[in-house]
Every structure is written in structure tokens, then in C-alpha cells.
Amino acid sequence: MRKVIIVGAGAAGMMAAVAAAESGAEVVLVEKMDQAGRKLRITGKGRCNLTNTAPLKDFITHIGPDGRWMRNCFAQMFNTQLMEFFEQRNVPLIEERGNRVFPQSGKSLDIFLALINDLERRPNVEIRKNCAVKSLTDDRHGVRLQDGTAIRGDVLIIATGGLSYPTTGSTGIGYRLAEEAGHTVIPQVPSLVSLTCEEPIPQDLVGFVLKNVGLAITLPNGKKLYDGFGEMTFTPQGIDGPIVLSASRQVSRMLHNGEKLIAHIDLKPALDEEKLDRRLIADLDSNGTRIFNDALRLWLPAELIQLALTRLHIEYYKRLHQINAAERKRLLHFLKDVTFTLNGTGDYNTAVVTQGGVCTKEVNPKTMESKLVPGLYFAGEVLDLDADTGGFNLQIAFSTGFAAGKAAAKLPDPAI
């Protein structure tokens, strides 16, 4: 029986422990916090979007930097198998828009309990809490704790997560352990996170939600980096919401490297400029005596009026029949392209995942075993893998955990 040490009792670590234990290994699951699965229990705002039913070909396009690397891992546990795993443990699931899968109860706790109950009933699994890891043992198959004691095994799985939500125990220790073992670790930045703006956000806009808008992010020279449609909101520092989180995956590293980017918000994405201009002409003609300030409600929610007045430089008391062609074009441009200069992102306290991590070129994509140190495995967010919102990141965690646990438990072939 192999002794498998797993560091990190999150989604990847607990799944690795289940897979290793089912394969007959003795498992020691080491967790620095006083409770396992803290981040899992708050994921998806407490609802836990555990996977996505998109077919494999589409699924991997949502993963970076190279989604194809996950093919061998997904061959062992993909969305269907993951759903069966939890349903067999009495967690009914439901599919919602965007192919997103949740527990039917709407509670992340049910996902956590399915895993922890499975582990706690197994005699070959030991869960050690309040065990902060300091370093690897000399053979790289165990760990030394902060108090100086060592936990030794035949193989080691590092599943410590990233840096996001540090209050749940994410400290980045896994990256340091990987470097200690000689691995290349890609620098980390927050991902699936809000973006900050150079321009101050008007108080009227803070907390305001824009639905069904277009968002594009470009370099200053106009090169497009992201183009999306959906819902977003304003924060005291910048912009947030589903399409902003998706955009952050494409631009976070650039912003953290000091580049400034431009966010373009299309308030009327259903109309091209020609159609919108015709509508504006008609509105101006039929409401000629109305004051511009009041008439802005024809095209904008009240929360955006002050920003429009500031940006358009049109006297608020002007009658609509006095609006000239140049002013109408400025209004048209504002409705189709409200711009903000992006200069950063939110921090790890609000980032859903971490971008960067252990270089996947140095890890076997089928077993999750290190190509540099036999008997050392990686799983979950500690790897340089991150994905869009929609259940993709948790599927990566569960799949890599399953593959690592299964492979780590396998006894080496006897010498011939």
C-alpha cells in the first residue's frame, strides 16, 4: 500500500484524496486551516457552479494558456463523470443557462459535505488540520511543518490552490514548494476580477448595473483584446460584473505589467451607428422643445445622465431643436462608446482565481506527476491553468485532483 501525502484540502485536494483512497492507498490529507474546503464552501457566491456541460471541444477553448493540455486528464474525469460522482453521493444537480451545473439545493455546502463525508468514512484516510507547511522533505515525497515536524510518504501531491481569497487559507505556499523542487513557476496575477479605472467613477454610478451592453477592451492603438456582451456594474474604483470578470482573464497580466488599456462600453449594442443616428434625428425632431438635460432620459438611465453631461459638453438647458449636427454626433458616439482608461485590477481578496502557477510543460498531463521529480504531483489552481467563469475552473480542480490521486496511489511495476 502506497502512502500518499496531499497538501491542501480544497476541491482538488479532497478529490485527489478520494481517488487515491479508492485506489487502495493510505492517504494523509494536510490542511493548514482548522476546517477543510473553506474556499469551496463560498464558491459561486455560495452556490457552487461545479462544472459546465459544454462538449470537450468547446470546453477547452475556455481554458488558458493551453486548454488542450487538459485532454488526457478530462479523458479520466470530465463533466459527465463529475456529475455522476456527486449524484451517486446523494447530491442532485441542476443545469442552468450557459450550461452551468449547480447542486439542486443551491448550496456549495452540499458539494463539500459529499467529499468530506466520503473521506471521513474511509479507514485509510487521515485528515490533519491546523498543519501549516513550511517546506518539502529532502526526498520531495513529504513535507515539513512550521513546528518542525515532518510528514513523510511515498509520494506527494501539492494541491494548495492559488492566492485568491487568502482568508480561506490561500497563501501561495504551493508555488514556493514547486520552486523548491526545481519547477518553473509562472508569475501570478489576479484573474476573474474587477478592473480599476483611471477616471473617477461618479457617485451616481457606484453600484449601478448595466444590462445587455457591449464591452470591448483595446490597447491605446485600437487593437482589440476582448469583446463581450452582457451585464456589468460600477464600483468606487472601476468596473465589475460578469463580462468584466471574463475580460479580466485577457488583460489582467498586461495591466499588472503597467500597461494602460481602454474599456469601451456600448450602451446600444442592438443598433449600429447608422440606425441609432436615424433614431436620434427622429427623437430630436419630435421632442424639439424639451430641454437637453431632461430629454437625456429618452436614451439613458438617470444614473448615467451626469456622466453624459460631463462628457458631451452640451449645455444642459439647450432645447433639442437647437442641437446641431456636431453635438448629435457626440451624443451618438457616447451612446455607442463610453470609454474609461483601465490601470489595474482588484486584488486577491476579490479575485475568483489566480492566473499563473506551475508550468504545465514540466508536468505529465495524464498523471499530473512532475517530469522533474518522480513521485511529486500537482493538482488544481497551483498549476498554470485558469478558465472563464461558468464552472470551468472547478472542473479543472476536480479533474486534475482525480488524475493525480489515481496515479499517485498506483504501485510501481515490480522489477523484472
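**Helix pair α9 and α12**

Axes here are lines fitted to C-alpha atoms, for helices over the stretch in contact, and angles run from 0 to 180 degrees between N-to-C directions. α9 passes α12 in a right-handed crossing, where right-handed means that the near helix is turned clockwise from the far one by less than a right angle, and left-handed anticlockwise. I listed the residues in contact (heavy atoms within 4.5 Å). From α9 they are E273, L276, D277, L280, I281 and L284, and from α12 they are R328, K329, L331, L332, L335 and K336.

**Ground rules**

I noted that residues are numbered from 1 along each chain as its sequence is written, and that side-chain values use heavy atoms, with hydrogens and water left out. Because the model is predicted, local features need pLDDT of at least 70 and side-chain atom pairs count only at pLDDT 80 or more, while totals for chains, interfaces and linings use all residues. Helices (H or I, at least four residues) and strands (E, at least two) are DSSP runs, numbered from the N terminus.

**Helix pair α11 and α12**

I then took helix α11 (residues 305–312), which packs against α12 at an angle of about 130° with the axes 10 Å apart. That makes α11 oblique to α12. The contact is made by L307, A308, R311 and L312 of α11 and by R330, L331 and F334 of α12. The crossing of α11 and α12 is right-handed. I noted L331 in the contact with α9 and again in the contact with α11.

**N293**

I found N293 in helix α10 (residues 292–295). N293 counts as partly exposed at 30% relative accessibility; buried means under 20% relative accessible area, exposed over 50%, and partly exposed in between (1.4 Å probe, protein chains only). Leaving out residues up to four places away in sequence, N293 touches I305, L309 and Y316. I also took the C-alpha to C-alpha distance from N293 to E315, which is 8.0 Å for a sequence separation of 22 residues.

**P202**

P202 sits in the loop between β13 (195–197) and β14 (209–218). P202 is partly exposed, with a relative accessible area of 23%. I checked P202 against L284: they are 82 residues apart in sequence and 27 Å apart in space, C-alpha to C-alpha.

**Helix α5**

Which residues of α5 are buried? In this helix (residues 79–87) I noted N79, L82, M83, F85 and F86 as buried. Seen down the axis of α5, they fall within an arc of 155°, so they line one face of the helix. The arc is that of the directions from the helix axis to the C-beta atoms.

**S246**

S246 is in helix α8 (residues 242–256) and is buried, with a relative accessible area of 17%. Beyond its neighbours within four places in sequence, S246 is in contact with Y226 and T389.

**Cysteines**

How many disulfides are there? I counted zero, taking a disulfide as a pair of cysteine sulfur atoms within 2.5 Å. For C359 the closest cysteine sulfur is in C73, 16 Å away, which is too far for a bond. C359 is buried at a relative accessible area of 15%, and C131 counts as buried at 13%.

Most residues other than glycine have a negative phi, and most peptide bonds are trans.

- G64 and P65 are joined by a cis peptide bond, with omega about 0°; P65 is in the loop between β4 (63–64) and α4 (71–74).
- L192 has a positive phi of about 50° without being a glycine. L192 lies in the loop between β12 (185–191) and β13 and is buried, with a relative accessible area of 1%.
- N212, also not a glycine, has a positive phi of about 55°. N212 is in strand β14 and counts as exposed at 51% relative accessibility.

**Whole chain**

Of the 416 residues, 56% are buried. The C-alpha atoms fill a box of roughly 90 × 40 × 40 Å along the principal axes. Among contacts with a separation of 6 or more, 72% are between residues 24 or more positions apart.

Conventions: Angles under 35 degrees count as roughly parallel, over 145 as roughly antiparallel, 65 to 115 as roughly perpendicular and the rest as oblique.
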